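User: I am new to this structure and would like a short tour. Could you show it and then start with a single residue?

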Amino acid sequence: MRQVNKRGAARLAAVQALYQMDVAGTGVLEIAAEYEAFRLGKEIDGATYRDADAQWFRAILSGVVEDQKTIDPVIRQALTEDWPLSRLDSTLRAILRAGVYELMRRQDVPVAVIVSEYVDIAKAFYLEDEPKLVNAVLDRVARRIRGEGRGRDPGKDVG
């Protein structure tokens, strides 16, 4: 269970770092160094960042950056026509890119774990329809890439 928590913290940190790169145009090496030195498992302005699996954080971050030309069309295809990728805000794009990266490249992680982790991250940032959108998009991508969807209620059977 401890490992899942550290990976969950790494996923959240990776989404935040991807967001920062998107908004500020920061490079991957610079942002990874900043997070590892100052954020993961550290306290900032009274808020403690959970201890994260630094290797997992780095793998997601560099994987999304390296595979973005492959990842974005996969997301685009899974979105409905009324939700083009360009309409999504930077946080939502970061969540979907990280989730799709894991679905594509981390066959060792079950689909249900990936989907529920990124839906939970979406819930940390949004109250409305965004978590449902993340669930639907990642589920569609999982069906296409891995031939399996979640097919369960979010929140149940989380590994």
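Analyst: T91 is a buried residue, with a relative accessible area of 12%; buried means under 20% relative accessible area, exposed over 50% and partly exposed in between, with a 1.4 Å probe and protein chains only. T91 belongs to helix α4. Helices (DSSP runs of H or I, at least four residues) and strands (runs of E, at least two) are numbered from the N terminus.

User: Which residues does T91 touch?

Analyst: Not counting residues up to four places away in sequence, T91 touches V15, Y19, F125 and Y126. A contact means heavy atoms within 4.5 Å.

User: Where does this model come from, and what are the ground rules?

Analyst: This is a predicted model, in which local features need pLDDT of at least 70 and side-chain atom pairs count only at pLDDT 80 or more, while totals for chains, interfaces and linings use all residues. Residues are numbered from 1 along each chain as its sequence is written, and side-chain values use heavy atoms, with hydrogens and water left out.

User: What is the mean pLDDT of the chain?

Analyst: The mean pLDDT of the protein chain is 83, and 82% of its residues reach 70 or more. The term pLDDT stands for the predictor's confidence in each residue, from 0 to 100. Confidence is highest in helix α4 (residues 90–105), at a mean of 96, and lowest in strand β2 (residues 47–48), at 52. Over residues 152–159 the pLDDT is below 50, and this stretch has 8 contacts in the model beyond near neighbours in sequence.

User: How many helices and strands are there?

Analyst: The protein chain has 6 helices and 2 strands. Along the sequence they follow the pattern α-α-β-β-α-α-α-α. Of the 159 residues in the chain, 46% are buried.

User: Let us turn to α5. Why is it called largely enclosed?

Analyst: Helix α5 is largely enclosed by the rest of the structure because 11 of its 15 residues are buried. Among them are V111, V115, Y118 and A122.

User: Is A122 buried or exposed?

Analyst: A122 counts as buried, at 0% relative accessibility. Leaving aside neighbours within four places in sequence, A122 is in contact with I95, P131 and V134. A122 and I95 are 27 residues apart in sequence, yet 7.1 Å apart in space, C-alpha to C-alpha.

User: What do the buried residues of α6 pack against?

Analyst: They pack against α3 (54–78), α4 and α5 (111–125). The buried residues of α6 include P131, V134, L138 and V141. Helix α6 (residues 130–146) has 17 residues and reaches 23 Å from its first C-alpha to its last, close to the 24 Å expected at 1.5 Å a residue. Just after α6, G147 takes a positive phi of about 70°.

User: Last topic: which residue lies over the face of W56?

Analyst: R7 lies over the face of W56, at 3.8 Å from the ring centre. A charge sits over a ring if NZ of Lys or CZ of Arg is within 6 Å of the ring centre and within 35 degrees of the ring normal.

Notes:
The expected span of a helix is 1.5 Å times one less than its number of residues.
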